[in-house]
Amino acid sequence: MDGSAVLDRLLADTETDPDVRGVVLTGSHARGMVTAHSDCDVTVVVAGPALARWQRVRSAELDQAVVTVEALADTSVHWPRYGYRGARVLLDRLGGGIADLVERQATPTDAEARTWSRDFLDAYVNQLYRAVKSHRDGAAAAGKLDELESVPWLLSTVFALHGRLRPYNKYLAWELATHPLPGRWNAALEPGRLPGRALSLFPAVADLARERGHGDVLDGWGADIALILRQARRSGVSGR
């Protein structure tokens, strides 16, 4: 059964259940990235009594999650929120309320972005410091592994500094193509080149962090920042 048939069947089922409040299409089908291996990622939003009738489904054709309206409104867990980026609301019995909740999941508040920027920046610096120490001590292989481990923190930091959620790796190219970052950041975060650039991009990230008012996070690392900058410049500084 193809994706359209799966969705048609699901929507037909929702028509007979008044406790279904909404249906949200996410994943590759929502983003126009369907392949021969893509299933339909769907979130069915229900009122509490319907939880007993609507079950989690995972098959080759359908990945169906079931949540209450209250759960959809809960943005306290960070990692699943990017899943709603680019989502399509197929059914909204709350008069636009489901669409509003989906948008809220996909869009950080200013306060969230500020907090995440600081936390992710600190983690990025910490991982780069480990890499630099490994290189300094002649442990090149360990240094490379440390640099690779810093890539997720780099992405999380840069997107948070721009008030955005970090994309899942699968959708990084899609995110940059459909919602470009300003300046030269799109080129800097090109997926095919990024794994070897986490250290060399640090000066640009540090400049952006200071522009956004997070210089105190960097300054809290004292002389270690200078050590990272020296190693980053040896690696070849990439502009923003």
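Helix H5 is followed by Gly138, whose phi is positive, near 85°. Helices (H or I, at least four residues) and strands (E, at least two) are DSSP runs numbered from the N terminus. The model is predicted: local features need pLDDT of at least 70, side-chain atom pairs count only at pLDDT 80 or more, and totals for chains, interfaces and linings use all residues. Residues are numbered from 1 along each chain as its sequence is written, and side-chain values use heavy atoms, with hydrogens and water left out.

H5 covers residues 110–136, 27 residues in total. At 1.5 Å a residue it should span 39 Å, and its end C-alpha atoms are 38 Å apart, which agrees. The expected span is 1.5 Å times one less than the number of residues.

Five strands form an open sheet with mixed pairing, in the order S3-S4-S2-S1-S5. S3 (57–58) and S5 (88–92) are the edge strands, each pairing on one side only. Two strands pair if DSSP finds at least two bridges between them. S1 (residues 20–26) pairs with S5 in the antiparallel sense, over four bridges. Val24 stands opposite Val89 in S5. Helix H4 (residues 97–106) lies across S1, S2 (40–46) and S5. H4 runs at about 150° to S5. Contact means heavy atoms within 4.5 Å. Axes are lines fitted to C-alpha atoms, for helices over the stretch in contact, and angles run from 0 to 180 degrees between N-to-C directions.

The structure holds eleven salt bridges (a side-chain nitrogen of Lys or Arg within 4 Å of a carboxyl oxygen of Asp or Glu). One of them joins the side chains of Glu175 and Arg85 (2.7 Å, N to O). Glu175 lies in helix H7 (residues 172–178) and Arg85 in the loop between helix H3 (69–73) and S5, 90 residues apart. Both Glu175 and Arg85 are buried (under 20% relative accessible area; exposed is over 50%, partly exposed in between, with a 1.4 Å probe and protein chains only).

Arg118 and Asp216 also meet through their side chains in a salt bridge (2.5 Å, N to O). Arg118 lies in H5 and Asp216 in helix H10 (residues 215–219), so the pair ties together parts 98 residues apart in sequence. Arg118 is partly exposed, with a relative accessible area of 24%. Asp216 is partly exposed at 44%. A further salt bridge links the side chains of Arg210 and Asp219 (2.9 Å, N to O). Arg210 is partly exposed at 40% relative accessibility, and Asp219 is partly exposed at 48%. Asp17, Asp19 and Arg53 are linked in a network of salt bridges.
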